[in-house]
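Hi there,

Here is the structure I promised to pass on. Have a look at it first, and then read on for my notes.

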Amino acid sequence: MKKWNLIVDVEKCENCYNCFIATKDEHVGNDFPGYAAPQPEHGHEWVKLHTFERGEMPMADANFMPTMCNHCDEPACMKVAENGAVQKRADGIVIIDPVKAKGQKQIVDACPYGAIYWNDDLEIPQTWIFDAHLLDKGWTKPRVEQVCPTFAIESVKISDEEMAGRAQREELRVLKPELGTKPRIYYKNLHLTDSLFIGGTVIDGKTDDCIDGAEIKLIKGGQEIAQTHSDCFGEFKFDGLPLQEADYQLEITHGGRSAKHECRVSSSAFLGLISL
Ligand code: SF4
Ligand code: SF4
């Protein structure tokens, strides 16, 4: 059985808001009986953009991530819904019935991802429906994917086994896996939102020139945990480190010269110029 999944590459998202706007365009003022009642003009972010800033100049990055209903296989929202107001379709999509869900505010509170919004006027919970109304008419992809200029969003309709294989091969992750909700929205490069980096610039202590190709070892608790080389600007970066306070040691070698550098970091850090 093939089911829908969405893969979002955080590294490719440029925060252009096209996915947010396309969802507004599709739903504000438009009624899709059986799928979704009109979205209010203000207040709802069925597709929501998040910003994550790391580091400090001259080594800093800003990363962006859209979130939406995860179309969970174990949906917390469905567990509290009465009268079958939340349904899991055979193709993996979760739909909050706009008629049956009237008055059921507990559905909003049940979602651990904050993906459901309460429509005050209609008194119903609402969320992103994966454009099920369009897919059922033969569309091959949801609008969020269609409008993304950087190809950061990809929808795939494949078996759960194929998806599990792809997730493993491409190191895809879901949000809050510990909850056991089994999301169908997968993220690539999620480390850009929940890990830290350590970087610096290696220079020649005599000439102040950048050193290309210096070998840098990252050591934690006496164990080497990573190795890299400086680039033609003398820069190096270790990314994907746990976002918690820790002591690290750097061992830098090049052309028979070496240096050691110790640091304690709790967030992404640029260590500045390191002379050899
Ligand atoms: S993300 Fe929230 S609203 Fe969507 S299926 Fe999961 S629990 Fe339900
Ligand atoms: S459309 Fe694509 S690039 Fe633009 S905000 Fe959405 S995911 Fe990011």
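Lysine 182 counts as partly exposed, because it has 14 C-beta neighbours inside 10 Å and the partly exposed class falls between the limits of 12 or fewer for exposed and 20 or more for buried. Please keep in mind that this is a predicted model. Lysine 182 sits in the loop that links α6 (160–169) to β9 (185–188), and its phi is positive, about 55°, although the residue is not a glycine.

Asparagine 189 also has a positive phi without being a glycine, here about 60°. You will find asparagine 189 in the loop between β9 and α7 (191–194). With 21 C-beta neighbours inside 10 Å, asparagine 189 counts as buried.

Another backbone detail is the cis peptide bond from methionine 57 to proline 58, with omega near 10°. Proline 58 belongs to the loop between β2 and β3.

Now for ligand 2. It has 15 residues around it, of which Cys13, Cys16, Asn18, Cys19 and Cys148 come nearest. Both α1 (18–27) and β3 (59–67) supply at least two residues of this shell. By type, the shell holds 11 nonpolar residues, three polar and one charged.

Finally, the overall layout. The protein chain is divided into domain 1 (3–189) and domain 2 (196–275), and their centres, taken over C-alpha atoms, are 39 Å apart. Five residues from domain 1 and six from domain 2 make up the contact. On the domain 1 side, strand β2 (residues 48–56) gives the most, with three residues. That side divides into two nonpolar, one polar and two charged residues.

Best wishes

How values were computed
Residues numbered from 1 in each chain as written. Chains lettered and ligands numbered in written order. Predicted model: local features only at pLDDT ≥ 70, side-chain atom pairs only at ≥ 80, totals over all residues. Near = placed C-beta within 6 Å. Helix = DSSP H or I, 4+ residues; strand = E, 2+ residues; numbered from the N terminus. Nonpolar A, V, L, I, M, F, W, Y, C, P; charged D, E, K, R; others polar. Domains from an automatic or database assignment. Contact = placed C-beta atoms within 7 Å.
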